[in-house]
Amino acid sequence: MIWYSQFPRVNEMPHTVLIVDDSKLARMVMASAFRRIRPDWELTEATDANEALATVSQGPVDIVLVDFNMPGIDGLELVAKIRQLHPNMPIAIVSANMQDEIIARARELNAAFVAKPLTDEALGAFLSGAALRLRNSGQ
């Protein structure tokens, strides 16, 4: 059993998280875990890279969770484009494709890698780190 108090919440303000995945089921799984861990944070979703870029450009998005395997622009390409707009935004690639090359490329883009199937522990750890990073940067 997971006790959600185990994820630190040091003077945290609610943040807005964008989930980007072309699979509705995968978005639902991520959203469900997210709501268990951070019920006070805002959640928005995008089904592809173009929708994600529009969302990041137009609205207040603090943290992004990106699937790697998507049609058109893949997750790593999307992260590179988001980095041009927001160099310090916490971003994680979420994928079952755990090839060393993909993980290394994510790190080069200053993005975390979270493995699918997604666990509450892995998502909670990433979100806690992201919140700390945002707090330390004054956001």
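User: Which residues have the most contacts inside the largest nonpolar core, and how many residues has this core?

Analyst: A note on the basis comes first. This is a predicted model, in which local features need pLDDT of at least 70 and side-chain atom pairs count only at pLDDT 80 or more, while totals for chains, interfaces and linings use all residues. Residues are numbered from 1 along each chain as its sequence is written, and side-chain values use heavy atoms, with hydrogens and water left out.

In soluble globular proteins, nonpolar side chains tend to be buried together. A nonpolar core is a set of buried Ala, Val, Leu, Ile, Met, Phe, Trp, Tyr and Cys residues joined through side-chain atoms within 4.5 Å. Buried means under 20% relative accessible area, exposed over 50%, and partly exposed in between (1.4 Å probe, protein chains only). Here the largest core has 24 residues, and those with the most contacts inside it are Leu-18, Val-20, Val-64, Val-66, Leu-78, Ile-82 and Ile-91. At least two of the core residues come from each of β1 (16–20), α2 (49–58), β3 (63–67), α3 (75–85), β4 (91–95) and α4. These elements are DSSP runs numbered from the N terminus: helices are H or I with at least four residues, strands E with at least two. A second, separate core of 21 residues includes Val-17, Ile-37, Leu-43 and Val-94.

User: Where does Val-94 lie, and what is it in contact with?

Analyst: Contact means heavy atoms within 4.5 Å. Val-94 lies in strand β4 and counts as buried because its relative accessible area is 1%. Leaving aside neighbours within four places in sequence, the contacts of Val-94 include Met-30, Leu-65, Phe-68 and Val-114. Val-94 and Val-114 are 20 residues apart in sequence, and their C-alpha atoms are 4.8 Å apart in space.

User: How is the packing of helices α1 and α5 described?

Analyst: Axes are lines fitted to C-alpha atoms, for helices over the stretch in contact, and angles run from 0 to 180 degrees between N-to-C directions. For α1 (residues 24–37) and α5 (residues 120–136), the angle is about 65° and the axes are 10 Å apart. On the α1 side the contact is made by Met-30, Ala-33, Phe-34, Arg-36 and Ile-37, which meet Asp-120, Leu-123, Gly-124 and Leu-127 in α5. The residues of this contact divide into 6 nonpolar, 1 polar and 2 charged; Ala, Val, Leu, Ile, Met, Phe, Trp, Tyr, Cys and Pro count as nonpolar, Asp, Glu, Lys and Arg as charged, and the others, Gly among them, as polar.

User: How many aromatic pairs are there?

Analyst: A pair of aromatic rings is described by the distance of the centres and the angle of the planes. Rings of Phe, Tyr and Trp (its six-membered ring) pair if their centres lie within 6.5 Å; planes under 30 degrees apart count as stacked, over 60 as edge-to-face and the rest as tilted. The count by this rule is 1. The pair is Phe-34 with Trp-41, and it is tilted because the ring centres are 6.4 Å apart and the planes stand at 55°. Both Phe-34 and Trp-41 are buried.
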